[in-house]
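Good morning, and thank you for coming. I shall speak about one structure, and I ask that you keep it in view as we proceed.

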Amino acid sequence: MIEFREHTLKNGMRLVMSRQKVIPNVIINTSFRVGSKDEEPEKTGISHLFEHLMFTGSENVPQGMFDEILNANGGESNAFTTQDYTSYYLSIPSTRIELGMWLDSDRIASFPVNQESLEIQKKVVLEEKKQVHDNSPFGSLEPESHKRLFTKSGYRWPIIGDEKHVKNFKLEDVKDFFYRYYVPSNTVLTVAGDIDYDETIRLAEKYYGGIPAVKTNGRPVYEEVPLDSVSEDTIKDNIALPARFLFYRVPEAGSKDYYVLKLISAALSSGESSRVYRSLVSGTGTASEAYTLVSGMERASIFSFNCFLSEGKNIAEASAIMDDILEDVSENGLKEEEIVKSVNKVETSYYFKIQTSLRLAESLSYYKMFFDDCSMINKEVERFRIFDNETIKKSARQHLNKGNRVILNYVPKRKRVGND
Amino acid sequence: MIDRSSMPAIGGLKDVLFPPFREYTHGSGLKSLFIKDNRFPVITCRLLVKSGSYRDFFRKGKSGLATLTAEMLNKGTFKKNNDEITRLIDFNGALISTGAGYDASYISFSCLKKNFDVMFGLVSELVGESVFPEDELTQKRNQIISSLISLQDEGAYLAERAFYSALYEGTPYETDPDGTPDSLKNIKRDDVVEFKNENYVPSNMILCVVGDFDEDKVIKAADRNFTGGDMKIPVNGFEFRGKHPGRRVYIAEKKDAKQASLHIGHAGIHRGHPDFVKTMFLNALFGGMFTSRINKNLREEKGLTYGARTSFNCLKHSGDFSVETEVNGDKSGLAVREIIKEMNDMRENPVSDKELESAKSYISGNFPLQLETSNSVAGKLLSLELYGAKKDFYDHYLSTINSLTADDVTETARKYFRPDELIIAAAGSRLDLAEQLKEFGDSEFIDKVK
């Protein structure tokens, strides 16, 4: 059982704490409930750009000194942006927790960006976009799939945003964004590691509790229309071997169907005895790699089936096998053995996940932010034990429906010339 | 409101001790390392074979043999076929992985405490009684070949391979440990059987078990399961040239490249070298941290890249130093100039006290994170054993780092940074790169990935 405590600061910011005494360090995780789906269609990528800007200095931390001070005190930091939230962490020796909170809170207490760092980080983000998307094999998968899976909501654009939007952001844009979303009511602070609970509350009140609680406009209303058709497209990429991807829009993270589909996905493709591995990789040699996964988001999730073809194999072969696998689940569900082994794997992985304070803090922030329920950290395995085969079949029939999906076939842009 | 204008006072660092472990040498010559960790009901077991792709070199044209052998272990034994093996692994909820690097091969698994005995028995069977079925071998070989072909879609991989094959040309570290599509096609079942029989012998293996387990029970099981066979062939040392006079430029074509992938460096030191810790510290200052000179210059000041990092890669018989980054194609010349400038600066000018103390503090304060999971501790111990380093290395690690002076850093940089001997490997648009990099020397185009 993971032990945790909660406290609400005087300005409404939520604090979660978990004491772990393995090493003399602490993780300070600050998560803001804003991500790319909350952006305006003409200002995409601002959540992620802002993530970069949070490390460039603030009112009392000179430009470029955030990580300098942190590193010089035995700490380090990083962050990530999703469609739904932005999560920052810094790690620091526990005897310096107050310094960590000072550094972290200063960039939330007042607008931390200046023109010069904005311009540099725009360039860095554009290089990141090239590295992750434009210059990377299958790097267009996220933008290409999202724009077909979603037509109205902010899930339809990639997290990194449109290049033109990123180039055009002005200081005013990022300032508006900051004052709208980086406010106490939109923030969860989680501190995990070598801490004393009372002292952590005292320090959190001191550094974060005084940040003004302002009322803001909130986020745009989420609107999306059902996906009720099939789209199949071929994308030419700088790749040597083709690949086929199936995407299904499925219910949001935390819903019952989400967990059922997570179980289905685990059963189908974890381990070399799994159906996906046996029928696509080891048995037929059709693919060098094939797997399913469920990416959970706040308002919808995506069930993907990815298949990277072996040399000399074609998409039609893969396509038939992939469809057979999913149709069989809709018709017959999963075998008892498949369910048991999936839950066993989930359980093994769980114990490794919670061994680091960083992963623990991230999970606690997430559960607090979206479900207001940190105890979910202790139910990650149990919640998979409850599903019977009827539920599994029903969920597969309803959500992994052939008539309702996005298909992307990636093919080589040019014929391969013997550069093996 | 509080006064935020001054930094809060900081406390000193608490002492960090490397977790206790037990070493045990079995009658068979097998070496065991045990770390008890009862926090969670899980156990990780790693079996390391002290032979990796280094040995492939001595079977001409068959690089990738060590990897293929490791990946074939679960394909069938005298008692079980692949289906029975993988079902047993998955049913027990175990996470298993096999593979090979330059200096070692491995098979490891993690599982719940209650499933450990079954899994340990199974892995022993895989190591002792594998039969390497011919049809499974064909399938696995094709799978690895396809993965290698796809890897060549990535600029960073092309640059990395161009760098390593130039630096280690004619030596066992020249090719990718996984081999090449061509070399894999040369490997026959007999090669795999022979590699396994020669190298997977107790006196050439290290067993490391971490978690909630009974040591004496594991010792007895290992004594029963891992028997016989001494290492018949000696480890072949190798003459590495080490130094390459002059700068050389290697360019690999990546069609429609939107960036240039750079992999730049030269020979370094092997893991057992007495200057190992000094080079680690030099690297921290130069390019091992977010605020190191290289990332600060290329990313935070110039916005040329999403990131740049450097490393001393220390292997058993040799090693290298390199800088890796991805930049806009028309900025690759500028990026290389800046890297050379920073290397020279490190050689010529002493680091400031502030920079020195900052790096020491970063390493000292951050080190405990590397001891947080017992798995990470196991990795460190296995590495010490594999490379023949002293087991109390980590007891003195931080005090050694903290005793280094600015003069030590300059001296280390003068010894191990040789900007005039750089191998500059780049992947991207071939003609653009040739133009961008021409000031650094004649360029050679790389057509074949090794």
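Predicted model: local features only at pLDDT ≥ 70, side-chain atom pairs only at ≥ 80, totals over all residues.

Let me begin with a definition: helices (H or I, at least four residues) and strands (E, at least two) are DSSP runs, numbered from the N terminus.

Residues are numbered from 1 along each chain as its sequence is written, chains are lettered from A and ligands numbered from 1 in the order in which they are written, and side-chain values use heavy atoms, with hydrogens and water left out.

Is A:Glu224 buried or exposed? A:Glu224 has a relative accessible area of 18% and therefore counts as buried, since buried means under 20% relative accessible area, exposed over 50%, and partly exposed in between (1.4 Å probe, protein chains only). Setting aside residues up to four places away in sequence, A:Glu224 touches A:Phe150, A:Thr151, A:Lys152, A:Ser153 and A:Arg249; contact here means heavy atoms within 4.5 Å. The side chains of A:Glu224 and A:Ser153 are joined by a polar contact of 2.6 Å. A polar contact is a pair of N or O atoms within 3.5 Å; within protein, one must be able to donate a hydrogen and the other to accept it, and residues adjacent in sequence count only if both atoms are side-chain atoms.

A second residue of chain A leads us towards chain B. A:Ser357 belongs to helix α13 (residues 357–371) of chain A. Its relative accessibility is 7%, so A:Ser357 is buried. Beyond its neighbours within four places in sequence, the contacts of A:Ser357 are A:Gln20, A:Ile27, A:Ala192, A:Gly193 and B:Glu372.

We turn now to the interface of the two chains. Here 84 residues of chain B are in contact with 79 residues of chain A. The area buried between chain B and chain A is about 7,300 Å², with carbon and sulfur atoms giving 53%; buried area is the accessible area (1.4 Å probe) that two parts lose on being put together, summed over both. How many salt bridges are found across the interface of chain B and chain A? The rule finds 8, a salt bridge being a side-chain nitrogen of Lys or Arg within 4 Å of a carboxyl oxygen of Asp or Glu. One salt bridge joins the side chains of A:Glu68 and B:Lys296 (2.9 Å, N to O). Between chain B and chain A there are also 40 residue pairs in polar contact (both at pLDDT 80 or more). On the side of chain B that touches chain A, helix α4 (residues 134–151) of chain B gives the most, with 8 residues.

Chain B is divided into domain 1 (22–225) and domain 2 (248–446), with bounds that come from an automatic or database domain assignment. Their contact takes 32 residues from domain 1 of chain B and 40 residues from domain 2 of chain B. Between these domains, about 2,800 Å² is buried, and carbon and sulfur atoms give 68% of that area. The rule finds 2 salt bridges across this interface. B:Lys31 forms a salt bridge with B:Glu385, with the closest N and O atoms 3.3 Å apart.
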